[in-house]
Amino acid sequence: MSHPFLTVVHVLAAVLFLGNITVSAVWKRAADRSPDAAVRAFGCRLALRTDLLFSLPTSVVLILTGILRGQEAWGAGAGFLKHPWVHIGLGVLILVIALWHFVLLPIQRKQLAMAEEAVAGGTLSDRYDRLGRTWNLVGALCVLLVLAVLFMMVTKHPAAAVS
C-alpha cells in the first residue's frame, strides 16, 4: 500500500471514530433527558448500533494503519516505536477502547434493558440515571483523550520525515 492511501484511510478512520463517539454522546445524552422510556431505549439502541458499525471497526483500522504508516516512515520493523509519542498515542487509543468495552458498552446494555423493561410496562429506576452519569463522565473523558491523541498525531506525525 502506498503512503498516500494509508494516510487517507487513517485520517478517514480518525474522522469517523471521533465523529461517532462525539455525536453518539450528544444524542444519547439528549435522549436520556427525555421522560419517555421509549426515547431512552431508542438512544441506547442507536448508540450500541453505531458503536458496532463505526467505533469498533474504525478503532481497529486506526491501530493497523498507524502501525503500517510508522513502519513505512521508518522502515520495516518497529523503529517507529522508539518515539514516545507513538507509545502515548497507541496507549491512549487502547485505553479508550478498553473503557468503551469494559465500562461504556456494559452501561449501554444495562440502560437499554432497563428502558425496554420500562417501555413494556415497568418503571425506569433511578439506577438508569446513575448509570447515565457514569456513562457521560467516562464518555467525555474518552472524547477528550481522543482529541488529545489527534492533536499529538497531527503535531508530531512522522509524515514530515518521509519524502
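How are H1 and H4 oriented to each other? Their axes cross at roughly 155 degrees and come within 10 Å, and the two helices are therefore roughly antiparallel to each other. This is a predicted model, in which local features need pLDDT of at least 70, side-chain atom pairs count only at pLDDT 80 or more, and totals for chains, interfaces and linings use all residues. Residues are numbered from 1 along each chain as its sequence is written, and side-chain values use heavy atoms, with hydrogens and water left out.

Helices are DSSP runs (H or I, at least four residues), numbered from the N terminus. Axes are lines fitted to C-alpha atoms over the stretch in contact, and angles between N-to-C directions run from 0 to 180 degrees. Angles under 35 degrees count as roughly parallel, over 145 as roughly antiparallel, 65 to 115 as roughly perpendicular and the rest as oblique.

| Helix pair | Axes | Angle |
|---|---|---|
| H3 and H4 | within 9 Å | roughly 160 degrees |
| H1 and H4 | within 10 Å | roughly 155 degrees |
| H1 and H3 | 14 Å apart | about 25 degrees |

The angle between H1 and H3 is about 25 degrees, which makes H1 roughly parallel to H3. H3 (residues 84–119) and H4 (residues 126–155) cross at roughly 160 degrees and are therefore roughly antiparallel to each other. In the contact of H3 with H4, 22 residues are nonpolar, six are polar and two are charged. Here Ala, Val, Leu, Ile, Met, Phe, Trp, Tyr, Cys and Pro count as nonpolar, Asp, Glu, Lys and Arg as charged, and the others, Gly among them, as polar.

Among the side chains, Lys28 takes part in two contacts of interest. Lys28 forms a salt bridge with Asp32 at 2.6 Å, N to O, the term meaning a side-chain nitrogen of Lys or Arg within 4 Å of a carboxyl oxygen of Asp or Glu. Lys28 and Asp32 are four residues apart in helix H1 (residues 3–32) and so are separated by about one helical turn. The structure holds three salt bridges. Lys28 also lies over the face of Trp135, 4.5 Å from the ring centre; a charge sits over a ring if NZ of Lys or CZ of Arg is within 6 Å of the ring centre and within 35 degrees of the ring normal.
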